[in-house]
Amino acid sequence: MVKMEITRILPDECQSLIISLTSPADACRSAIVSHAFKAVAYSDAVWEKFLPSDYRSILSGSSSSSSLLSLGKKDVYFHLCFHPILIQNGTMSFQLKKESGKKCYMLGARALSSIWGDTPSYWTWKSLPESRFSEVAELKVVWWLKVKGMIDIRILSSNTNYAAYLVFKLRNRRTIGFRHRAVGFHINVGGITSTEVRRVSLDPSQNETQHVREREDRWMEVEMGEFFNEFGGDGTVQFSLREVDTSYSKQGLIIEGIELRPKDTGS
């Protein structure tokens, strides 16, 4: 029996199409398993398909757009997986989920709104070296806590289950009102109000069910909830953190932002 190699039978265009219908991980495996496949598996024709169809428009809102667009498509893909870029005048970040190429966004603290957020005696703005944003918000003191964010659902990956995460820190010795107490998270999709309010403690020491976890970037995160973005979805997704019990003050919460990323294996 004569063994025929597919690389000799099919033209490069057909091989590129076949590999582009798999996944980024499969494309990398193909390049490793078969030396003959490597050039095709790493080609721009393949990796262009793994990038979001509107990636050029997204990159145009970043200060690094010209340098990124000069790279090969595979390099662009992996840069966006490991290096979030700032868009929307530095108030939002964008990156890709490595396994699937689906979109991840973070709304920075400046893209959120909060009660008395512009009053220095309640909230203060500061720069931290570990933050991707130029400023984060630190709660000095409030009795009524409410922080809201909103994103256009059309810019998210379609047919995807997303989770929203509050990315934050607690000032250990200056944190009041978050020890042994829970806060409420609420998600509103496309104007349809969810009746479910998720209540979670932000205190890692009280984190019996592992809701709060430490991230690789040295911030903490807690899931606010999840939603499914159907194909052709319209409207907005709104998120809120609130604690309206005014019987005690709250202070020492530092907010970097609210992150949205696909919730699937390895999320």
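**Surface, pockets and selected residues of the predicted model**

The accessible surface of the protein chain amounts to about 14200 Å², and carbon and sulfur atoms account for 51% of this area. The structure is a predicted model. Of the 267 residues in the protein chain, 45% are buried. The secondary structure consists of 8 helices and 15 strands. Among the contacts that link residues at least 6 apart in sequence, 67% are between residues at least 24 apart.

The largest pocket holds about 700 Å³ of space. Its lining comprises 25 residues, and those nearest the centre of the pocket are Cys-81, Gln-95, Glu-216, Glu-259 and Arg-261. By class, 14 of the lining residues are charged, 7 are nonpolar and 4 are polar. At least two lining residues come from each of helix α8 (73–82) and strands β2 (92–96), β12 (212–214) and β15 (253–262). Strand β15 provides the largest share of this lining, with 4 residues.

Cys-81 is part of helix α8. The relative accessible area of Cys-81 is 8%, so this residue is classed as buried. Beyond four places in sequence, the residues touched by Cys-81 are Gln-95, Leu-96, Lys-97 and Lys-98. For the pair Cys-81 and Lys-98, a sequence separation of 17 residues corresponds to a C-alpha to C-alpha distance of 5.3 Å.

Glu-259 belongs to strand β15, the element with the largest share of the pocket lining. With a relative accessible area of 5%, Glu-259 is likewise buried, the cut-off for this class being under 20%. When neighbours within four places in sequence are set aside, Glu-259 is in contact with Gln-95, Tyr-105, Met-106, Arg-132, Ala-163, Ala-164, Tyr-165, Val-167, Arg-215 and Glu-221.

Backbone geometry was considered at two asparagine positions. Most residues other than glycine have a negative phi. Asn-89, by contrast, has a positive phi, near 60°. This residue is located in the loop that connects β1 (85–87) and β2. Asn-89 is exposed, because its relative accessibility is 82% and the class begins over 50%. A positive phi is also found at Asn-159, with a value near 50°. Asn-159 sits in the loop between β7 (145–152) and β8 (160–170). The relative accessibility of Asn-159 is 45%, and the residue therefore counts as partly exposed.

Definitions and conventions: Residues numbered from 1 in each chain as written. Predicted model: local features only at pLDDT ≥ 70, side-chain atom pairs only at ≥ 80, totals over all residues. Heavy atoms only, no water. 1 Å grid on protein atoms, 1.4 Å probe; cavity = no way out; pocket = protein on both sides within 12 Å on 5 of 7 lines; lining within 4 Å. Points joined across faces, edges and corners; volume = space filled by probe spheres on them. Nonpolar A, V, L, I, M, F, W, Y, C, P; charged D, E, K, R; others polar. Buried < 20%, exposed > 50% of the residue type's maximum accessible area, 1.4 Å probe, protein only. Contact = heavy atoms within 4.5 Å. Areas by Shrake-Rupley, 256 points an atom, 1.4 Å probe, with all protein chains shown as cover.
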